[in-house]
Structures are given as C-alpha cells and as structure tokens.
Amino acid sequence: SYSENRLVAIYWVSFMVISFFYIMNLILAVCTQQYDKSINCRKVSREKLAKKLLSDAFTLLDQKDQGHVSRESIMNVMAILNQDMPEIKTMSSEEKSIIYALLDKNGSDSICLDEFLDWSLVMLLNLSKESDYATWVETKLPYVYQSQWYTRLSEAVKSNRFDTAIDVILVLNAMTILMQDYSMLVGQNTGDPENDETLDTKWETLETLFTALYVLEVMLKVTINGWKRYKESARNLFDFFVTGMTILASFYVYYPNTYNNTNLIRFIVMARVLRLVRLLFAIESFRLLGAITLDILPASRDIFLVLLFVAYFFATSGQLLYGGYITRDPSNPLSHALLEATDFTSSAYWPNNFNDMFSGMNVLFNLLVVNNWTTCIQGFEYTTGSKTVRFFFLFFHLICVTGISNVITSVVINSFFQQLEVIEHRYGRNERVDGTSIRGSRAFFAASVLTGTNTGVQGKYSAHIQAVNFDVDIDERAVMRRVFGRSNTPDSNEKGLT
C-alpha cells in the first residue's frame, strides 16, 4: 500500500507516535508515580509501627510508670535478645555497655522514652574492636612490626601507588592475553594445544609470571592489612577467588595426569582481565555509579522474583498446552504441518518450544525482549491449527513486557535517586560528632565515654550500619549523627531509617 500511496505512512507513523512513544511512556510514568507513592506510604507506616512497638515495649518495662527505665532492665532485655533472637548478632558485655551508653544520651543512668525510641537504630550497629584487626605480624612478631623496613613496606602497600602498579600489571596482562588468544578470538583454527607438563611457550611463561605477581599482591595485602580487614572489601575477595582458581588450575594442568589441555587455565587467566573494571572506578562518576548499582540490586530482588514466578507459571502452562507441538520427528504428523510455517523454519526456530522447562524459558525470554515473537507464534499456529495461541503470547506480553518491565524500570529509577543521595552523604567530608569521627559509612570512637555516659569499656572501636532487610533505605551518616550525638536533631529524625 505504501508503494501505491505514500500518505499511508502517516497512519503508521501516527500509530507509533501515539502508542509507542506516548502511551508506553505514559504507562511508565504512571508506574513510577505509583511506586514512589507506595514507597512513601510504606516509610510512613514503618515509622508509625516502629514508634508504636517501641512505646509499648517501654510501657511494659516501666511498670511503675516512672517515665524511665533502669540500666538493669535494659541489660536484661539485651540478655534475652542474645538468647531468643538468633537474627540479632550476639552482643558481648562490652557491646551491651556501649549500646546502653548510646541510648543514655543525658548520662542519667536511666533511659527515658525519647531515648528508648532510638533502640531500633542502635541495634543496627555492627561494632568492631580495633584490636580485632591486629595482623599476625603485629601480634606474633612485634619487633618486625615496629621495624623501620616493615613500616616502609606497610606504607607502600597501603599507598595509591601500589594499586596503580597493580593496574599497570593488569593492563599488560590483558594485552598479553589478547595477543596470545587473538587467533582464537577471530575464529581461526588453533589446533589442539597439548601440554607436556612444561611451560613450553613464552605465553605460558608470562601467564605464570603474572600469576606469581597476583599471588604476591594477595600475600602482601593480607600480611599488611590482616585477613579480617582484607576480606571486608568485595574487590579483594574477587581478586583472591580468581587468583586461587588460577593457581588450582595451574597445578591441575601442569601436574602429570591424563588431562593435557591448557585451555582451562587460559580461560581462567582471562577472567583476571575482569579486574580491569577497577580502572573505571578511579573515575568518580563511574565509582558513584558502581556503588549505587551494588546498593539497588538487593532492593530489586523482590520484583525480579515476581518476574521469575510469572515466567515459571507461563512456562509450565506452555508445557501443558503446547508441549511436543514443535518437533522435527518425521514420524510425527506435526512436523509436516510445521514445515508450512516458512518463516519459522527458515529462521531455524526449532529450539523455541515448550517441550521442556528450559526451552519454555527460552521462548519467554525472547518474548520479554520482543525478539521476533510473531515468527515464533507462527510455528505454534500451524501445529495447533488455531490462532487462539496468540492469546497466550498476548497475555504474557501484557503482564511481563508492559506491566512488570515498567515496574522494574520504576524500581531502578526510584532506587537510583534515593541511593544517589545516600551515597553522596556517605562519601562526604569527614565529621566529628561529640568525639566520634565519622569517615565514609563508619564511625570511629574511644569506648570509655559515649554521649556523656561512662561505659567502663576501654579501647578503640568502629561501627557501621548493617541492615537486616534489603528493602530498607538507610542514610548511614544521618543514623551515625543521631546515635553518637547527645541530642536528636530534626535532620537525623527525617533522614535516618525509612
């Protein structure tokens, strides 16, 4: 029709502008607005519920209606929590004293209702004693730890120059792997690389050298920082895991045995190049984007589980309704009917079927990304002999593509802007609140006196927020200011736990 009259294009262009560019974006806007509204309502309801439950608990503890609860009663509550609440981290006697001091902001040796309402925030603190981070060298070899050469080594390993040197090694490693595997990457036949348990090529020698450097890096960082501090970094854990896998693969390949193919270690060594992602995080914008991404993934868990449930339901229904209809068995008459679906057969869409769960999930994924789903439907139309199969695919499209996909987009948009504000606060300038130093998302303090209350605990501690529920938004800095400050400011009330 377009060849006969080009004005027909007006109809199709108008349809796309109205339906795709306007209505679909309107649906997204409505989903985002409704999601924001539900999130705000949930925050308000949680705040009211938390205040009500804590007020009821305070009333039960204050049986004589004195308006305050004694230290003994609070300590007894903590002891009960240690025994009966496994989801709460077991608190030592020192940690109980610190938590009580953080609640007793006026130093009266009793807790009033306003102070008791901070209970839910204080219980989110994960306390760590600085002495627990002492390294093996510090505790077992103090003379080495205090030596001048070890001090210089520690400063070098903790410096930015050490990380820069590792980044340079990573780039060289990536270039080596590219040159080594270029023929394989471009699809040339490289043959079957047999291994005679020796480093028989310059590439294998370089790979072994790089592996040795990565092992040295891990050893230096664990020795200088200690295992406990080292494992708190997700980047360090990833480096440790890949380095360990590379070493195991090296022993497995080069140790005399019946397996003589070096491709295994080559692919694992190629995984080291993933560490190049750390170069992006040297740029502030990428670092901020990465931190936000890690924070919003847990918040998106529930909606992805809903999508998985819906996909599982449709895949199971597809097996019951259309299982076995797509077949290439010449003895099955359905295979002859399928040959008439020329678009389906010419596109080699045979794997797109509901004969098993995995194949059904593959079909639904194609529908989710709107990948030639009309061609896929054609095969089922010819084998079933009915066009009613279109309703099955249409329902999935409306529920998942139009509905859940827009909800996922709404969740990501909402979570991004929420976490953007939280991350900006987290990486703000260092603060001091009544003797407590807040750096990043951690608070560092001397435990002897907190908020004007003597704890009887000696030593230096650090604290960070550990949320129990993934969908709870927490501004760590606001919570730290409120918990470690002697008064509850309006700002901390509004920007803490939501």
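Select helix α9 (residues 160-180) and helix α11 (residues 202-225): their axes come within 11 Å and cross at roughly 155°. The axes here are lines fitted to C-alpha atoms, for helices over the stretch in contact, and angles run from 0 to 180 degrees between N-to-C directions. Helices (H or I, at least four residues) and strands (E, at least two) are DSSP runs, numbered from the N terminus.

Before you click further, keep in mind that this is a predicted model, where local features need pLDDT of at least 70, side-chain atom pairs count only at pLDDT 80 or more, and totals for chains, interfaces and linings use all residues. Residues are numbered from 1 along each chain as its sequence is written, and side-chain values use heavy atoms, with hydrogens and water left out.

**Stop 1: the α9/α11 pair**

Which way do these two helices run? α9 and α11 are roughly antiparallel to each other, given that angles under 35 degrees count as roughly parallel, over 145 as roughly antiparallel, 65 to 115 as roughly perpendicular and the rest as oblique. Their crossing is left-handed, a label used if the near helix is turned anticlockwise from the far one by less than a right angle (right-handed if clockwise).

Now show side chains. On the α9 side, pick F162, D163, I166, I169, L170, L172, N173, T176, M179 and Q180; they meet W203, L206, E207, F210, L213, Y214, E217, L220 and K221 in α11. Contact means heavy atoms within 4.5 Å. Colour the α9 contact with α11 by class and you get 12 nonpolar, 3 polar and 4 charged residues. For that colouring, Ala, Val, Leu, Ile, Met, Phe, Trp, Tyr, Cys and Pro count as nonpolar, Asp, Glu, Lys and Arg as charged, and the others, Gly among them, as polar.

**Stop 2: charges between α9 and α11**

Stay here and zoom in on D163 and K221, which form a salt bridge with their closest N and O atoms 3.6 Å apart. D163 lies in helix α9 and K221 in helix α11, so this pair ties together parts that are 58 residues apart in sequence. The rule for a salt bridge is a side-chain nitrogen of Lys or Arg within 4 Å of a carboxyl oxygen of Asp or Glu.

Are the two partners buried or exposed? D163 is partly exposed at 22% relative accessibility, while K221 is buried at 6%. Buried means under 20% relative accessible area, exposed over 50%, partly exposed in between (1.4 Å probe, protein chains only).

**Stop 3: α8 against α11**

Select Y150, L153, S154, V157 and K158 in α8, then L220, K221, T223, I224 and N225 in α11, to see the residues that make the contact. They divide into 5 nonpolar, 3 polar and 2 charged.

**Stop 4: I247 in α13**

Jump to I247, which lies in helix α13 and is partly exposed, with a relative accessible area of 27%. What does I247 touch, leaving aside its neighbours within four places in sequence? The answer is T211 and V215. The C-alpha atoms of I247 and V215 are separated by 8.7 Å, though the two residues are 32 apart along the chain.

**Stop 5**

Go to E232 and R442, a salt bridge with its closest N and O atoms 3.2 Å apart. E232 sits in the loop between α12 (227-231) and α13 (234-254) and R442 in strand β6 (residues 442-446), so the pair ties together parts 210 residues apart in sequence. E232 is partly exposed, at 40% relative accessible area.

Then select D56 and K52, whose side chains meet in a salt bridge (3.1 Å, N to O). Both lie in helix α1 (residues 8-61), 4 residues apart, about one turn of the helix.

**Stop 6**

Most residues other than glycine have a negative phi. Check D65, where phi is near 55°; D65 is in the loop between α1 and β1 (68-70) and is exposed, at 66% relative accessible area. A348 also has a positive phi, of about 55°, and lies in the loop between α19 (342-346) and α20 (357-368).

**Last stop: zoom out**

With the whole protein chain in view, there are 24 helices and 9 strands. Of its 498 residues, 38% count as buried.
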